[in-house]
Amino acid sequence: MVTYLSDRAKREGLKNVTAVAGKPADPRLPEKADLVVLVDVYHHVEDRERYFRNLQKSLKPGGRVAVIDFRMDSPVGPPQRARIAPERVKDELKRAGYALTQEHAFLPNQYFLVFQPAGS
């Protein structure tokens, strides 16, 4: 996916898009980001509290984190046992030092949550 996104960004001339394969304890971002978007991967992140606590160091002041992942009742997506309810995401991010700033409901099969470090 990282190669695909990198190639697509290059092909479309998107100089502000950098695809990065993070590690469990390190997001590995090359510079501080305004926005980090995680689409359909939250359920794959291990030790999420630590990961998102570390991710704060990679955000610019006012930076945000968007989590888009499959709803529990979605007819498509990963197996039910792999899905994480949005309430759990909110709780985990709160424990990692974030505040929910936006919640969108326009996607047919996914929830869309936006967070900022608490106190930002």
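## Arg71 and Asp73

Arg71 is partly exposed, at 26% relative accessibility. In this predicted model, the side chain of Arg71 meets that of Asp73 in a salt bridge, with N and O 2.9 Å apart. Asp73 is exposed, with a relative accessible area of 57%.

## A buried arginine without a salt bridge

Arg83 sits in the loop between β2 (59-70) and α3 (86-95). Arg83 is buried yet has no salt bridge. Its nearest side chain of opposite charge is Asp73, 6.2 Å away. A salt bridge needs the nitrogen and the carboxyl oxygen within 4 Å.

Four strands form an open sheet in the order β1-β2-β4-β3, with mixed pairing. The edges belong to β1 (33-39) and β3 (98-104). Each has a single partner strand, so one side of each is left without a neighbour in the sheet. From one strand to the next, the twist averages 20°.

β1 and β2 pair in the parallel sense over six bridges. Ala33 has Leu59 of β2 as its bridge partner.

## Helices on the sheet

Helix α2 (residues 48-55) lies across β1, β2 and β3. Its direction is about 145° to β2. α3 packs on the sheet too, touching β2, β3 and β4 (110-117). The direction of α3 makes about 10° with that of β4.

## Other salt bridges

How many salt bridges does a search of the whole structure find? The count is ten. One of them joins the side chains of Asp34 and Lys60, at 3.6 Å from N to O. This pair links distant parts of the chain: Asp34 is in strand β1 and Lys60 in strand β2, 26 residues apart. Asp34 is partly exposed at 48% relative accessibility. Lys60 is partly exposed as well, with a relative accessible area of 34%.

Another pair lies within helix α3. Arg88 forms a salt bridge with Glu92, the closest N and O atoms being 2.9 Å apart. Both residues lie in helix α3, four residues apart, about one turn of the helix. Finally, Glu49, Arg53, Asp91 and Arg95 are linked in a network of salt bridges.

Key: Residues numbered from 1 in each chain as written. Predicted model: local features only at pLDDT ≥ 70, side-chain atom pairs only at ≥ 80, totals over all residues. Heavy atoms only, no water. Helix = DSSP H or I, 4+ residues; strand = E, 2+ residues; numbered from the N terminus. Buried < 20%, exposed > 50% of the residue type's maximum accessible area, 1.4 Å probe, protein only. Lys, Arg positive; Asp, Glu negative; His and termini not counted. Pairing = 2+ DSSP bridges. Axes fitted to C-alpha atoms, helices over the stretch in contact; angles between N-to-C directions. Contact = heavy atoms within 4.5 Å.
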